[in-house]
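Please take a walk through the following structure, with the sequence and the model side by side.

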Amino acid sequence: MPAPLIWKALPRAMPKITFIQPDGSQQAVDSDVGITLMEAAKIHDVPGIDAECGGACACATCHVYVDEPWQDKTGTPNPMEEDMLDFAFDVRDSSRLSCQIKLTPELDGLVVHVPAKQF
Amino acid sequence: MSSEASPAAAAALIETDAVIIGAGPVGLFAVFELGLVDIKAHIIDILDKPGGQCAELYPEKPIYDIPALPTVTGQELTDRLLEQIKPFGAELHLNERVDALKRLPDGRFSLITDAGTEFITKVVVIAAGGGSFTPKRPPLPGIENFEGHSVFYSVRRIEAMRDKKVLIVGGGDSALDWTLALQPVAKSVTLLHRRDDFRAAPHSVEKMRQLVETGDVRLMIGQVSSIEGEGNQLTAATIKGKDGEERIDVDAMLPFFGLTMKLGPVADWGLHLTENLIPVDTEKFETSEQGIFAVGDINTYPGKLKLILSGFHEVALMAQQAHKYVHPEKKLLFQYTTSSSNLQKKLGVS
């Protein structure tokens with residue numbers, strides 16, 4: 001069996017995440033598995049992710065919009081996150097708090113949009 | 001804001017040894033360390049409760065890195081600290097923000113709060129964390145022009161809303177409470193929330209739904225996309241909902257999106273600042289002004305970690321230097337609470 005094909009089909013151990021800014025500029029980062037999307041953004045200095053509370057799901061300043069094709073994989077907010085989203089601005093169906101998305105190999109290729117403003 | 005907050009300008013004057021700005025865990029523990037060296041302190045906090053971020057942002061969240069407490073919630077930690085500092089009888093001044101801080105000719109400091117209270121103190125301990133908690137301002141272009149005139153983050157007088165078309169935005173207790181309180185006096189009340197699900201107390205939600213049923217309150221599901229007005233008077237808001245946009249007439253808007261931390265007046269006190277933090281030395285945790293200390297998340301120094309435990313260490317060292325200013329005539333003898341009957345007397349355990 002041609003090994004490279006199998007290897008290619010496996011998800012990468014370091015999921016690549018693409019952050020798209022409101023002005024359209026993109027930043028792709030290689031992230032570790034097991035940390036949160038917010039932490040990946042902070043580690044790579046992605047602008048526009050404030051995360052004032054440091055990941056306690058207590059401030060809604062790490063708000064992102066998950067790109068449509070990825071919404072099934074990232075899932076939906078739990079009730080606590082849904083409550084916290086009340087404190088975000090311009091909330092849409094694709095809205096999530098990035099501190100509540102844990103990165104898995106399945107999220108390799110994930111695309112998220114950073115809102116114009118965290119508030 | 002300050003003028004509204006001091007209707008009678010009661011001009012209370014309090015003389016003390018130390019004023020601690022911020023009642024978070026580090027500010028509270030400062031009472032303890034200062035108390036052990038005979039320094040009497042007053043604490044001022046802008047919130048309506050002690051605990052700072054622990055109480056406001058994550059009262060229910062477990063904290064795992066407090067020495068000897070494998071797990072403790074923000075609220076438990078606050079409650080335990082309050083118990084620990086009880087023997088020192090520090091007075092807590094809540095719902096007050098220190099607006100002005102200046103040195104007096106005799107070397108002491110004067111602090112004035114937005115409630116008009118003045119403190120005269122020998123030392124100041126800034127334990128203000130991420131700054132003052134202030135209401136979140138929706139990022140709507142032009143909103144700042146209306147603030148205080150037709151956009152309000154709190155209501156001081158219900159009468160000011162009489163016969164106005166009021167738009168209340170939010171889904172928590174503040175939004176619901178003001179919907180119920182203003183409905184009888186306002187010309188109309190529209191409650192706007194992004195979803196038909198409310199975090200507020202169930203009985204106020206139920207009451208609101210009754211008022212919606214009888215047509216006394218209008219409930220809209222959606223978000224404000226823009227506002228318009230003339231000068232400082234708001235006249236209309238455009239609401240984006242699932243089924244498109246609607247423009248409604250508005251005389252006053254009350255957005256309730258929770259609180260955020262802003263450095264606030266600390267920036268105006270003439271202290272050296274580095275990226276909104278106060279640089280201190282690591283021996284005394286003193287700022288660029290002698291007698292003004294900064295401890296906890298608001299300070300910075302090489303190697304600084306924003307941990308509660310770092311703040312606890314900082315206040316212990318700060319108190320040693322504060323003692324020199326408050327009791328210059330007395331020599332400070334280092335003692336342990338386990339063995340010193342003098343300290344145990346202060347703690348009320350001997």
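In this predicted model, residues 17–302 of chain B carry the UniProt feature "domain: FAD/NAD(P)-binding", taken from an unreviewed entry. That span is 19% helix and 33% strand, and its end C-alpha atoms lie 29 Å apart.

The domain assignment divides chain B in another way. Domain 1 is made of two pieces of sequence, 2–134 and 260–347, while domain 2 covers 137–257. Taken over C-alpha atoms, the centres of domain 1 of chain B and domain 2 of chain B are separated by 37 Å.

UniProt, again in an unreviewed entry, also lists residues under "binding site": Asp45(B), Gln53(B), Tyr58(B), Val98(B), Phe133(B), Asp297(B) and Thr338(B). These residues are spread over 294 residues of sequence, and they are spread in space as well, with up to 37.9 Å between C-alpha atoms. One of them, Asp45(B), sits in the loop between strand E2 (41–44) and helix H3 (53–56) of chain B.

Next comes the contact between the chains. It takes 20 residues from chain A and 19 residues from chain B. The size of an interface is often expressed as the accessible area that is lost when the parts come together. Here chain A and chain B bury about 1800 Å² between them, and 53% of this is on carbon and sulfur atoms.

From chain A, helix H3 (71–74), helix H4 (79–85) and strand E4 (95–97) each supply at least two lining residues, as do strand E13 (223–230) and strand E14 (233–241) of chain B. E13(B) gives the most, with three residues. By class, the lining of this pocket has seven nonpolar, 10 polar and nine charged residues.

Rolling a probe the size of a water molecule over the atoms shows where empty space is left. The structure holds one cavity of 30 Å³ or more, and the largest cavity has a volume of about 140 Å³. It is lined by 19 residues, with Val169(B), Gly222(B), Gln223(B), Val224(B) and Phe257(B) closest to its centre. Strand E11 (188–193), E13 and strand E16 (252–255) of chain B each supply at least two residues of the cavity lining. That lining has 11 nonpolar, five polar and three charged residues.

Terms used. Residues are numbered from 1 along each chain as its sequence is written. Chains are lettered from A and ligands numbered from 1 in the order in which they are written. This is a predicted model: local features need pLDDT of at least 70, side-chain atom pairs count only at pLDDT 80 or more; totals for chains, interfaces and linings use all residues. Side-chain values use heavy atoms; hydrogens and water are left out. Helices (H or I, at least four residues) and strands (E, at least two) are DSSP runs, numbered from the N terminus. Ala, Val, Leu, Ile, Met, Phe, Trp, Tyr, Cys and Pro count as nonpolar, Asp, Glu, Lys and Arg as charged, and the others, Gly among them, as polar. UniProt positions are given in the numbering used here, feature names are shortened, and annotations may be inferred rather than shown by experiment. Domain bounds come from an automatic or database domain assignment. Contact means heavy atoms within 4.5 Å. Buried area is the accessible area (1.4 Å probe) that two parts lose on being put together, summed over both. On a 1 Å grid over the protein atoms alone, a cavity is a set of points where a 1.4 Å probe fits but cannot get out, and a pocket is an open set with protein on both sides within 12 Å along at least five of seven lines; lining residues have an atom within 4 Å of a point. Grid points are joined across faces, edges and corners, and a volume is the space filled by probe spheres set on the points.
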